[in-house]
Amino acid sequence: MESICQFVTQAAHEAGLDEAATYAVQLAVDEAATNIIEHAYQNSGEGVIECSYLILGDGLEITLVDHGIPFDPDAVPTPELNVPLEDLKPRGMGIYMMRKVMDEVRFEFSPQSNKLTLVKKKT
Amino acid sequence: MDVTTTEFKRCVVVKTNGRIDGANAPELRAVLKQLTEEGKFNIVLDMSAVNFVASAGWWVLIDTQKTCQQFNRGEVVLAGVSNTIKDSLSLVGMLTYFKIFDDVTSAVGSF
C-alpha cells in the first residue's frame, strides 16, 4: 500500500497539486486500493492492482484496474453523518471519502476487469 | 507503526507515527482495546508524528470513542493533528466527534 501511495504522491507533485490536493489523492487511492484488496480480491492476498496516472492541464487523473469481483458502487449506502456518535456506522465510508475529496470518481466494469478513475483538479 | 502508551494521573497518552491505514489500524485497535478493557477511558491520541489517516484508522478511533463516552466515563481527544488531516476529517463531517488540542500538554490538562 505504501508503494502505491509513494507512486501517486510523486504523480501529484508532477501535476503541480498543492499539499491539500496531494493528501486528497493519497487518501482516495488508499481507500480505493483497500476496497479492491478487501472486496474485489476478498482479502485473499493474491491479485494485481494496476495503477497509472495522466497529468492533465488542470490536474491529475489516476486509474486503478483490478481483475477481481466487481461490485455495484450504487449499492453501497451513503453513510449517515451528523448523527449521534453511537449511531455512526462504518459501511460505505471509504467510497464516501473518495467522492468527497476528489473532483471525479468513475467506476467502469467489463468482464475482464474493473476500472476506477479518480480526478483531482488543481485548486 | 510504533505505538507507545504513557500513563498520567487522569489519562493515558497514546502516541503513534507515520500512516494509520487499513494495514496497521488493527495494531492501534488492539492497544486501545486493551486500555479500555483495563478501565482506562480518558485517552489522548498524540498525532504529532502521524502524516496520514485512512477511514480504517478513523473507525478505530470512532469505535474507541463510543466505548469511552459510554456512561460518560471518559473521552478520546486528539493532539497535534496536522492541518491536512484536520481538513480531510472536516470535509467528511467527522471533526465534530473529537476534541482537538494543539499539543499533548493542553490535551492532558483538559482531563
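Predicted model: local features only at pLDDT ≥ 70, side-chain atom pairs only at ≥ 80, totals over all residues.
**Overall build of chain A**

- Reading from the N terminus, the elements of chain A follow the order α-α-β-β-α-β-β.
- Along the principal axes, the C-alpha atoms of chain A fill a box of roughly 40 × 40 × 25 Å.
- Of the 123 residues in chain A, 31% are buried.
- If you take the contacts in chain A between residues at least 6 apart in sequence, 60% of them join residues at least 24 apart.

**How α2 and α3 of chain A pack**

- Helix α2(A) spans residues 19–40 and helix α3(A) spans residues 93–101; they pack with their axes 9 Å apart, at an angle of about 150°.
- Angles over 145 degrees count as roughly antiparallel, and α2(A) and α3(A) are therefore roughly antiparallel to each other.
- Their crossing is left-handed.
- On the α2(A) side, the residues that meet α3(A) are A24(A), L27(A), A28(A), E31(A), A32(A), T34(A) and N35(A).
- On the α3(A) side, the partners are G94(A), M97(A), M98(A) and V101(A).
- By class, the residues of this contact between α2(A) and α3(A) are seven nonpolar, three polar and one charged.

**Where chain B meets chain A**

- The contact draws 21 residues from chain A and 20 residues from chain B.
- On the side of chain B that touches chain A, the elements giving two or more residues are α2 (55–69) and α3 (83–91) of chain B.
- Helix α2(B) supplies the largest share of that side, with seven residues.
- The side of chain B that touches chain A is made up of ten nonpolar, seven polar and three charged residues.

**A closer look at E46(A)**

- You will find E46(A) in the loop between α2 and β1 (49–56) of chain A.
- Is E46(A) buried or exposed? With 8 other C-beta atoms within 10 Å, E46(A) is exposed, because a residue counts as exposed at 12 or fewer.
- The C-alpha atom of E46(A) is separated by 28 Å from that of E104(A), a residue 58 residues apart from E46(A) along the chain.

Key: Residues numbered from 1 in each chain as written. Chains lettered and ligands numbered in written order. Helix = DSSP H or I, 4+ residues; strand = E, 2+ residues; numbered from the N terminus. Buried ≥ 20, exposed ≤ 12 C-beta atoms within 10 Å, placed from the backbone. Contact = placed C-beta atoms within 7 Å. Axes fitted to C-alpha atoms, helices over the stretch in contact; angles between N-to-C directions. Parallel < 35°, antiparallel > 145°, perpendicular 65-115°, else oblique. Left-handed = near helix turned anticlockwise from the far one by under 90°. Nonpolar A, V, L, I, M, F, W, Y, C, P; charged D, E, K, R; others polar.
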